[in-house]
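I opened my notebook today to look around a new protein model. Here is what I looked up, entry by entry.

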Amino acid sequence: MSLEDFHIGLDDIDDPSGRCTTHFASLLVELLSKQSVEWLDYPNLIRLNPGIPFRTRGNGAVALRFKAQSETISKLIPLIEQMIRDYADETYPNTNPGLVVITGKVSEEIRKFSKQALWRTIPIKLAQRIIERYNITHFTLGNGRGLVGALSAVGNTLDKDYTYEYLAYRSMDQSGKRGVNIESVIEMDRIMGNRVFSNLDDANRIMIEPHGPDPVLYGIRGETAKDVIEAASLVTSTQGVERWMVFRTNQATGEHLSNQVRISDLRPYMAAVVRGYVDQSPQIFEGGFVVFGIKDDTSRIDCAVYEPTRQFRDTAANLHMDDEIKVHASVRPKSRTHGLTLNLEGLEILYLAPDIQLQNPICPTCMKRLKSAGTGKGFKCAKCGHRDPKGKKIENQIERKISTGLFLPPLRAQRHLTRPLSRMNMNNTGNPVDLVDIWYIP
Ligand SMILES: [Zn+2]
């Protein structure tokens, strides 16, 4: 019997009451490891287009890649299907688990499909067509949407930039406060430096601890598997770690924003970079969101910033007409109250238009600004009575309140895929050849 390469894709095995696709993946890794499969990679956690609305939480799918005997895997598949049935909460209508099992090399068509899923909406039918054409072993519940993510996870082999995440899980019967110790996180962050990222926000609030009912106790993101495992050994929590696993992931790479799109080509739910000039000054609306307009050679569109904290929103509010910018955004479809709109998740200011204000001239005697002497009558000094009937207003360039550069919302408002400022010049390339000895504990 010969060994073959397998790629298992999983998606949407989660629901709001506390299940989670990555947690299920850790159960599956435990099962497969008992069959002595040879792991080819860490489990891949692939985040897909974050702008898509019909999804639970972070739009993350998982791929497992390993060598095994075909007979072993064929025998396991019915068991895995039953595991999904038992795990997924079918009473929740928005859970539509998907599983695909691909043998051999990942085809170019699946890679292309996966690239699309990072920034477009993909019809379920398209996934089903690929599955039929290549006769791919698969399993799904509900409307089959999970197949889109499952195929996409397999198709993204993380050949460009990537990062790692260590996910610690509590036991499924635990709920309530996880009690991750803040001092331990601050100390971990200090010791690890830039080998890990996004642990704490500007106000030293913990970013590694989720708040929902899911089994994730905490997640630590970093540049290598070794780094995130070391970092996790420094973190303490009141609820215990029942199991943990290291994922290789496209998180924090900005991979969803690889496409610069002309305004006339934008479609609902796209994730895109749009370059243009401000053609409508920012307006601040009740509730604190800011709307401004941009145009390019093809059309114009409104941009909205819903930033919950002030800084990012204030930057947008200080844009002026004719500023040249690139916005990182997802496209909100039009509604009764607004047209197609870009929801901003990042703002690159390329060029600031000069802010010129016209002012009255100065009195040569008193050095005070002259007052208008009436329409067409020039200016006069209120103090000494000096008159300047032919005087003209002078142009005065006002310093802009913002500068060029890239601006992002604070960490807690960033997408999983957003490349944080701390990783701007970091790039991991080349798939891992050897895995660290211990990368999960069941
Ligand atoms: Zn004067």
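Predicted model: local features only at pLDDT ≥ 70, side-chain atom pairs only at ≥ 80, totals over all residues.

**Entry 1: helix H8**

I began with helix H8 (residues 310-317), where the buried residues are Phe312, Arg313, Thr315, Ala316 and Ala317. A residue is called buried if 20 or more other C-beta atoms lie within 10 Å of its own, exposed if 12 or fewer, and partly exposed in between, with C-beta atoms placed from the backbone. Helices (H or I, at least four residues) and strands (E, at least two) are DSSP runs, numbered from the N terminus. I then asked what covers the buried residues of H8. The cover includes strand E11 (271-284), strand E12 (290-295), strand E13 (300-305), strand E15 (341-351) and E21.

Residues are numbered from 1 along each chain as its sequence is written.

**Entry 2: the whole chain**

I zoomed out and found eight helices and 22 strands in the protein chain. Its C-alpha atoms fill a box of roughly 105 × 50 × 40 Å, taken along the principal axes. Of the 442 residues, 40% are buried.

The chain is divided into domain 1 (3-157), domain 2 (163-254), domain 3 (256-352 + 400-416) and domain 4 (355-398); such bounds come from an automatic or database domain assignment. I looked up the centres of domain 1 and domain 4, taken over C-alpha atoms, and they are 72 Å apart.

**Entry 3: H5 and its two partners**

How do H3 and H5 cross? The axes of helix H3 (residues 108-117) and helix H5 (residues 146-155) come within 8 Å and cross at roughly 115°. That makes H3 roughly perpendicular to H5. Axes are lines fitted to C-alpha atoms, for helices over the stretch in contact, and angles run from 0 to 180 degrees between N-to-C directions. Angles under 35 degrees count as roughly parallel, over 145 as roughly antiparallel, 65 to 115 as roughly perpendicular and the rest as oblique.

On the H3 side, the contact is made by Ile110, Arg111, Phe113, Ser114 and Ala117, and on the H5 side by Val148, Leu151, Ser152, Val154 and Gly155. Two residues are in contact if their C-beta atoms, placed from the backbone, lie within 7 Å.

Next I checked H4 (residues 124-133), whose axis comes within 8 Å of that of H5 and crosses it at roughly 55°. That makes H4 oblique to H5. Here H4 brings Ile124, Ala127, Gln128, Ile130 and Ile131, and H5 brings Leu147, Val148 and Leu151.

I found Asp12 in the loop between strand E1 (3-11) and helix H1 (21-34). Is Asp12 buried or exposed? It is buried, because 29 other C-beta atoms lie within 10 Å.

Ser198 is not a glycine either, and its phi is positive at about 55°. Ser198 sits in the loop between strand E8 (196-197) and strand E9 (216-222), and it counts as buried with 24 C-beta neighbours inside 10 Å.

Thr404 is partly exposed, with 14 other C-beta atoms within 10 Å. Leaving aside neighbours within four places in sequence, I saw Thr404 in contact with Ile349, Leu350, Tyr351 and Leu352.
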